[in-house]
Amino acid sequence: MKILTNLLNCLLFPIRKPNFCQLEQCLRHKTIIITGASFGIGEALCHLLSDIECQLILVARTADKLQLIEQSLSNKKAKIDLFCADLRDVEQLDSFIAYLASYHVDVFINNAGISICRPIMQSLDRMHDFERTIKLNYLAPVKLCLALIPKLQQSKGHIINVSAINVLLAPTVNWAAYQASKTAFDQWLRCASSELENRQIKVSTAYLPLVKTRMIAPTKIYKKLPALQPCQAATIISRLLVSQKRQYKPWWVIIGQLASVIFNGVWCKLNSYYIKKKQ
Ligand SMILES: NC(=O)c1ccc[n+]([C@@H]2O[C@H](COP(=O)([O-])OP(=O)(O)OC[C@H]3O[C@@H](n4cnc5c(N)ncnc54)[C@H](OP(=O)(O)O)[C@@H]3O)[C@@H](O)[C@H]2O)c1
């Protein structure tokens, strides 16, 4: 069984290691902001970039965890600055933006995110679910981008958005709050990207498949599905840092995108069947 899982993982996620020399060349002496750096993909990215002589600005809510990461990387080359904030909170977000005023910024990695998997019929009295996803997954990165654009223009910098393949596929039942908020920022960035590129700011999006982090832990079915390790997701982001390509998506997503269009009716029927079975 383990061999089969490994084989499937190799087939679905053929990820080449980052070329460390290129990564170093590209990031040496650069200042990189990583939101959501305390766990999962953000944490793995901190470890991956810590061998480079650069400045990492890490932001998340969990101060203890950020400090642990800083301690564990204290003998590495990267210089680390921490900022503890709940990015959904307007005042805390504004304090973070004010804190960044004295920094020259080269790269903004929008990684902080929350997901919620809940049927609409169980959300009738839970408007806060839609507010917290939209605040963190959409409004916070928009506000950060608006604040950082002048700095990124000066540095001919790079925005990397950590998104999900779901944004590219037909909508799935139970994921309205998450998918709407991730799609909102994806659309915003895609609309803005021509203007940004015109001002010499590169824009990349990593459309990631499932990644084994605490985010997917509450969803039982995901335990059985093939998924990336956080360090593999960090590798994908590091390759975007070097290649500055507009996007990464797994090779098989194109099949899902085609199927989303051709078999949209079948997909809707399958969703209805699933809901009836669950009732
Ligand atoms: N896991 C997947 O399957 C998957 C797939 C595709 C895309 N993604 C995307 O990947 C990104 C990282 O997710 P992950 O899987 O690494 O999840 P994770 O392990 O739960 O990490 C999420 C990060 O976001 C931070 N965060 C959450 N709420 C925050 C808030 N209000 N203010 C500031 N920071 C906050 C968390 O730190 P604190 O709790 O300390 O604040 C944590 O560092 C997300 O944008 C997610 O949408 C994940």
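## Aromatic pairs

The structure, a predicted model, holds eight aromatic pairs; a pair is counted when the ring centres of Phe, Tyr or Trp (its six-membered ring) lie within 6.5 Å, and planes under 30 degrees apart count as stacked, over 60 as edge-to-face and the rest as tilted. A pair of aromatic rings is described by the distance of the centres and the angle of the planes. For Phe185 and Trp188 the centres are 5.7 Å apart and the planes stand at 15°, so this pair is stacked.

Phe185 and Trp188 both belong to helix H7 (residues 176-198), where three residues, about one turn of the helix, separate them. Helices (H or I, at least four residues) and strands (E, at least two) are DSSP runs, numbered from the N terminus. Both Phe185 and Trp188 are buried; buried means under 20% relative accessible area, exposed over 50%, and partly exposed in between (1.4 Å probe, protein chains only). Elsewhere, Phe83, Phe96, Tyr99 and Tyr103 form one aromatic cluster.

## Basis of the values

Local features need a pLDDT of at least 70 in this predicted model, side-chain atom pairs count only at pLDDT 80 or more, and totals for chains, interfaces and linings use all residues. Residues are numbered from 1 along each chain as its sequence is written, and side-chain values use heavy atoms, with hydrogens and water left out.

Which residues of helix H4 are buried? In this helix (residues 63-72) they are Lys65, Leu66 and Ile69. They cover an arc of only 100° around the axis, which puts them on the same side of H4; the arc is that of the directions from the helix axis to the C-beta atoms. An α-helix has 3.6 residues a turn, so residues three or four places apart point the same way.

On the other side of H4, Asp64, Leu68 and Gln71 are exposed. The cover over the buried residues of H4 includes helix H3 (40-49), strand S2 (55-60) and strand S3 (79-84).

## Two buried polar residues

Asn137 is found in helix H6 (residues 127-155) and is buried, with a relative accessible area of 3%. Its side chain is joined to that of Ser181 by a polar contact of 3.1 Å. A polar contact is a pair of N or O atoms within 3.5 Å; within protein, one must be able to donate a hydrogen and the other to accept it, and residues adjacent in sequence count only if both atoms are side-chain atoms. Leaving aside neighbours within four places in sequence, the residues in contact with Asn137 (heavy atoms within 4.5 Å) include Tyr178, Ser181, Lys182 and Phe185.

Asp81 lies in strand S3 and is also buried, with a relative accessible area of 16%. Not counting residues up to four places away in sequence, Asp81 touches Gln55, Leu56, Ile57, Leu58, Tyr99 and Tyr103.

## Two loop residues with positive phi

Most residues other than glycine have a negative phi, and most peptide bonds are trans. Phi of Gln200, however, is near 70°, a positive value in a residue other than glycine. Gln200 is placed in the loop between H7 and strand S6 (202-208) and is partly exposed, with a relative accessible area of 46%.

Gln244 has a positive phi near 55°. Its loop runs between helix H8 (230-243) and strand S7 (247-248), and Gln244 is partly exposed, with a relative accessible area of 32%.
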